[in-house]
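Grab the structure, try each task yourself, then read on.

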Amino acid sequence: MKERVQKFGRFLSGMVMPNIGAFIAWGLIAALFIEAGWFPNATIAKMVGPMLSYLLPILIAYTGGKAVGGQKGAVTGALAALGAIASTESTMFIGAMICGPLGGWCIKKFDEKMEGHVPAGFEMVINNFSVGIIGGLLAILSIFAIGPTCVVLTDVLGKGVGFLVEHSLLPLTAVLVEPAKVLFLNNAINHGVFTPIGTEQVEALRAAGEIGKSILYMIESNPGPGLGLLLAYCVAGKGETRSSAGAAAVIQFVGGIHEIYFPYVLMNPIVILGPMVGNMCGIFTLNLLGGGLSGPASPGSIIAELMLTPKGCYFANLAGIAVAGAVSFAISVFLLKFFGKDSSLEEAQAQVAASKAASKGQSAEPSTGANVDVKSVKKIVFACDAGMGSSAMGATMLRNKLKDAGITGIEVIHHPVSEIPGDCQIVVTHHELSGRASQRAPQARIIPIRNFMGAPEYDALVTELLTARTGAPAAAPVQEEAPAASGIILLEKKNIVLGCKPVTPEEAIRACGKLMMDSGYCSEGYVQGMIERNAGFPVAIGSHVAIPHGTNESREFIQKTGLVVMTYPDGIQWDEETVRLVIGIASKGEEHLDILNRIVEVAETEEDTDALVDNATVEELYKKLNGLS
């Protein structure tokens with residue numbers, strides 16, 4: 001049950017959170033430029049209404065549709081939401097949260113039905129018209145059914161919040177919110193529920209000529225309760241927890257990273273009463289003094305709270321934060337002194353990591369984070385920083401291993417970590433990129449590796465996939481014959497340099513870059529991109545091989561595709577790796593993949609690379625890497 005609630009909450013907040021910047025822009029423009037704002041400007045204020053009525057709901061629907069049905073689902077969901085928006089003058093956030101995923105689901109089901117039945121050459125026609133027709137029909141359905149239904153639902157929710165405010169019961173929401181934070185349900189509650197309803201309240205107040213604000217924006221984001229707890233550990237904590245709590249308090253209060261105090265709660269669960277009662281008192285104070293924000297504060301930093309505080313509400317908001325912090329501090333100190341126990345901060349942080357991973361449908365250890373049914377895996381993505389070199393080689397290696405094991409029906413592709421497709425089930429990436437990969441593909445299982453060339457995780461994954469499908473372990477891989485040459489010569493003999501003297505990694509990259517520039521492959525901007533790429537994420541990929549290449553941004557400086565090869569018999573110390581073979585890559589497309597495939601075959605292990613470097617001539621390297629032998 002908990003997992004289902006987390007999953008539903010993640011989905012709701014997942015439609016709003018990527019668009020929080022737009023909500024903040026709307027809140028700031030309104031707070032500054034409407035008639036009651038700090039700097040009234042009738043021309044700028046004209047944006048406030050359209051942003052609220054059209055931009056924000058359509059962004060939510062677009063994001064929800066994309067999460068379910070990809071780019072086509074995003075457009076279909078946005079079309080469907082327009083019908084709900086046109087059906088009423090009310091702000092249609094709830095309608096957008098329904099229409100977006102509904103549009104994505106409908107186009108996804110249509111595509112599944114049409115798979116294998118689209119005549120060659122008619123793909124674009126069918127894709128475009130299916131989105132137009134299905135989106136149009138859903139828009140009509142929305143204007144007559146979904147929109148009016150959502151108006152009723154919004155009225156009910158608004159009256160429910162009004163009842164809580166009128167009867168001074170709103171502080172009781174803290175009883176739910178504070179424990180939910182530690183379970184990583186805070187974003188679901190804040191951005192999935194409070195933000196849409198709070199925005200409705202703000203607009204209603206502005207329409208009535210009052211200051212547009214909502215307390216709901218501060219229930220979860222108020223940094224006071226967490227600050228009070230961490231300051232209590234500074235006073236009543238012991239050892240490591242006491243010494244670390246001060247820095248954590250600054251990060252939590254100024255940086256708005258509330259999860260930094262979760263381990264301190266898990267060490268002594270009873271102290272959750274401090275932030276809970278503190279938040280209750282803070283909400284009561286805000287309600288009493290008329291506090292609130294003009295838009296959602298994300299993250300919950302004191303800076304964000306003050307920036308989104310409307311004119312005339314600073315005293316109320318600061319009082320609400322201060323009261324919440326003071327009460328949380330007093331109660332937490334008492335609980336720590338009389339009921340606190342010595343616990344390991346490291347163990348508590350591990351618990352937080354496990355809880356956070358579980359809230360995302362992963363495990364604390366990405367390589368075993370298996371909420372993915374391996375029997376149903378259809379797409380595996382190799383991700384690196386630029387998606388040009390190491391990920392392409394890793395994808396080739398795994399593709400070959402799957403073929404050797406007789407596993408079919410799985411697409412293995414490579415992408416930059418910033419462009420991981422949303423329909424993949426498994427992502428293989430360098431361990432330093434695993435955090436970015438999990439953010440980009442929260443639905444996928446992340447397998448972190450340290451060596452793109454000889455990672456043992458490849459064989460483990462192949463065995464797991466084969467066992468899941470047949471119940472039998474994978475047979476020992478059989479060396480595949482080299483693929484036929486593509487007919488395109490990308491590595492010229494003049495760009496193969498043997499017996500280079502040891503240098504630093506940057507000097508090796510610049511040497512490759514000079515060869516590339518001399519051959520007309522790129523300009524100086526790409527060489528700088530190669531250096532930046534290595535500084536951010538080393539290009540030594542294991543097996544004594546490095547493949548310098550540029551960042552995504554520097555690809556504009558590539559003039560044509562080409563490669564250069566340099567051997568270093570005495571080796572280069574490249575971070576934690578020893579490198580003897582350096583292959584510089586400049587690629588405008590995918591033409592270089594044939595040579596990368598060859599490198600995988602001839603330099604799969606350190607022994608392979610050593611033999612290649614020690615014995616090969618220019619002629620032999622030219623033939624081997626161009627597929628001519």
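**Exercise 1.** Find the helix that holds Lys-181, and decide whether this residue is buried or exposed.

*Solution.* Start with the place: Lys-181 belongs to helix 7, which covers residues 173–182. Keep in mind that this is a predicted model. Next comes accessibility. The cut-off for buried is under 20% relative accessible area. Lys-181 comes in at 1%, so it counts as buried.

**Exercise 2.** How many aromatic pairs does a search of the whole structure find? Classify the pair made by Tyr-233 and Tyr-264.

*Solution.* The search turns up four aromatic pairs. One of them joins Tyr-233 and Tyr-264, with 5.1 Å from centre to centre and 65° between the planes. Planes over 60 degrees apart count as edge-to-face, and that is the label for Tyr-233 and Tyr-264. Tyr-233 is buried because its relative accessibility is 2%. Tyr-264 is buried too, because its relative accessible area is 4%.

Another pair is Phe-334 with Phe-339, also edge-to-face, at 6.3 Å centre to centre and 65° between the planes. Phe-334 has 45% relative accessibility, so it counts as partly exposed. Phe-339 has 49%, so it is partly exposed as well. Ring pairs tie Phe-334 and Phe-339 into a cluster with Phe-338.

**Exercise 3.** What span does helix 2 reach, and which of its residues are buried?

*Solution.* Helix 2 takes in residues 20–33, which is 14 residues. From its first C-alpha to its last, helix 2 reaches 20 Å, close to the 20 Å expected at 1.5 Å a residue. Then list the buried residues of helix 2: Ile-20, Ala-22, Phe-23, Trp-26, Gly-27, Ile-29, Ala-30 and Ala-31. To read such a list, recall that an α-helix has 3.6 residues a turn, so residues three or four places apart point the same way. Trp-26 and Ala-30 are both on the buried list.

**Exercise 4.** In what order do the strands of the four-stranded sheet lie, and which strands are at its edges?

*Solution.* The order is 2-1-3-4, in an open sheet with parallel pairing. The edges are strand 2 (411–416) and strand 4 (445–449), each pairing on one side only. On average, neighbouring strands are turned by 25° against each other, direction ignored.

Now walk across the sheet:

- Strand 2 and strand 1 pair over six bridges, and Phe-382 has His-414 in strand 2 as its bridge partner.
- Strand 1 and strand 3 are joined by four bridges, with Ile-380 opposite Ile-426 in strand 3.
- Strand 3 (residues 426–430) and strand 4 are joined by five bridges, and Val-428 has Ile-447 in strand 4 as its bridge partner.

Stop at strand 1 (residues 379–384), where six of the six residues are buried. Both of its faces are covered: Lys-379, Val-381 and Ala-383 lie on one side, and Ile-380, Phe-382 and Cys-384 on the other.

**Exercise 5.** Describe the five-stranded sheet and find the helices that go with its strands.

*Solution.* This open sheet has the order 5-8-9-7-6, and its pairing is mixed. Strand 5 (491–497) and strand 6 (540–542) form the edges. Strand 6 pairs with strand 7 (residues 545–546) in the antiparallel sense over two bridges, and Ala-540 has Ala-546 in strand 7 as its bridge partner.

Next, the helices. Helix 23 (residues 606–615) packs on the sheet and touches strand 7, strand 8 (562–574) and strand 9 (577–586). The direction of helix 23 makes about 75° with that of strand 9. Helix 24 (residues 618–625) lies across strand 5 and strand 8, running at about 135° to strand 5.

Note on methods. Residues are numbered from 1 along each chain as its sequence is written. This is a predicted model: local features need pLDDT of at least 70, side-chain atom pairs count only at pLDDT 80 or more; totals for chains, interfaces and linings use all residues. Side-chain values use heavy atoms; hydrogens and water are left out. Two strands pair if DSSP finds at least two bridges between them. Axes are lines fitted to C-alpha atoms, for helices over the stretch in contact, and angles run from 0 to 180 degrees between N-to-C directions. Buried means under 20% relative accessible area, exposed over 50%, partly exposed in between (1.4 Å probe, protein chains only). Rings of Phe, Tyr and Trp (its six-membered ring) pair if their centres lie within 6.5 Å; planes under 30 degrees apart count as stacked, over 60 as edge-to-face and the rest as tilted. The expected span of a helix is 1.5 Å times one less than its number of residues. Contact means heavy atoms within 4.5 Å.
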